[in-house]
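User: Got a model I'd like to go through with you. Can we start with the pockets and then look at the metal?
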Amino acid sequence: MKDQLINLAIKAKEKAYSPYSNFKVGAAVLFENGKIYTGCNIENASYGATNCAERTAIFNAVSDGGRVLKAIALIGGPNNYTYPCGICRQVISEFAENGDVKIYIVKNSTDYIETTLEEILPGSFTKKDLDNKGE
Ligand SMILES: [Zn+2]
């Protein structure tokens with residue numbers, strides 16, 4: 001499953017729409033329904049309207065009924081490990097049950113880092129915080 005996720009992220013990167021940064025990113029996510037969804041970054045002339053690959057993949061899954069994210073693979077530049085931006089970390093947190101999600105930061109099909117949400121987003125703000133009404 002891990003290798004499949006990584007290879008699909010690499011493939012999704014080819015679909016990136018990034019005419020402004022020329023920085024292509026691909027992502028693949030595994031949800032609790034056993035399905036894998038992919039996404040790429042999609043830029044916009046109005047830069048703020050740009051969407052990252054991770055969120056494209058997650059939104060793709062959620063719009064198909066997925067609710068619990070189990071694993072995500074992400075690939076950006078070929079010469080370094082590209083981690084999710086802050087907004088994507090927050091979105092990963094939203095769909096990771098109890099923060100339990102495997103995160104693969106991929107350089108190529110054989111070179112990747114495996115990390116956790118707690119490592120890249122410690123002390124995250126979640127729906128539990130809303131339930132507590134800040135108390
Ligand atoms: Zn992002």
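User: How do the residues lining the largest pocket divide into nonpolar, polar and charged?
Analyst: This is a predicted model. The lining has five nonpolar, six polar and six charged residues.

User: What's the volume of the largest pocket?
Analyst: About 340 Å³. Of its 17 lining residues, S93, A96, N98, G99 and T126 are the closest to the centre.

User: Which elements give two or more residues to that lining?
Analyst: α3, α4 (117-120) and α5 (127-131). The most come from α3, which gives three residues.

User: Now the second largest pocket. How much space lies in it?
Analyst: About 180 Å³. It has 15 lining residues, and F23, V25, N41, C52 and E54 lie nearest its centre.

User: And how does that lining split by class?
Analyst: Eight nonpolar, five polar and two charged.

User: Switching to the metal. Which residues coordinate the zinc ion?
Analyst: C52, C85 and C88, each through SG, at 2.3 Å. C52 is also among the residues nearest the centre of the second largest pocket.

User: How are the donor residues spaced in sequence?
Analyst: The pattern is C-x32-C-x2-C. C52 sits in the loop between β2 (36-40) and α2 (53-62), while C88 is in helix α3 (residues 86-95), so this pair ties together parts 36 residues apart in sequence.

User: Is C88 buried or exposed?
Analyst: Buried, because its relative accessibility is 1% and the cut-off for buried is under 20%.

Key: Residues numbered from 1 in each chain as written. Predicted model: local features only at pLDDT ≥ 70, side-chain atom pairs only at ≥ 80, totals over all residues. Heavy atoms only, no water. Donors = N, O, S within 2.8 Å, 3.2 Å for Na, K, Ca; no water. Helix = DSSP H or I, 4+ residues; strand = E, 2+ residues; numbered from the N terminus. Buried < 20%, exposed > 50% of the residue type's maximum accessible area, 1.4 Å probe, protein only. 1 Å grid on protein atoms, 1.4 Å probe; cavity = no way out; pocket = protein on both sides within 12 Å on 5 of 7 lines; lining within 4 Å. Points joined across faces, edges and corners; volume = space filled by probe spheres on them. Nonpolar A, V, L, I, M, F, W, Y, C, P; charged D, E, K, R; others polar.
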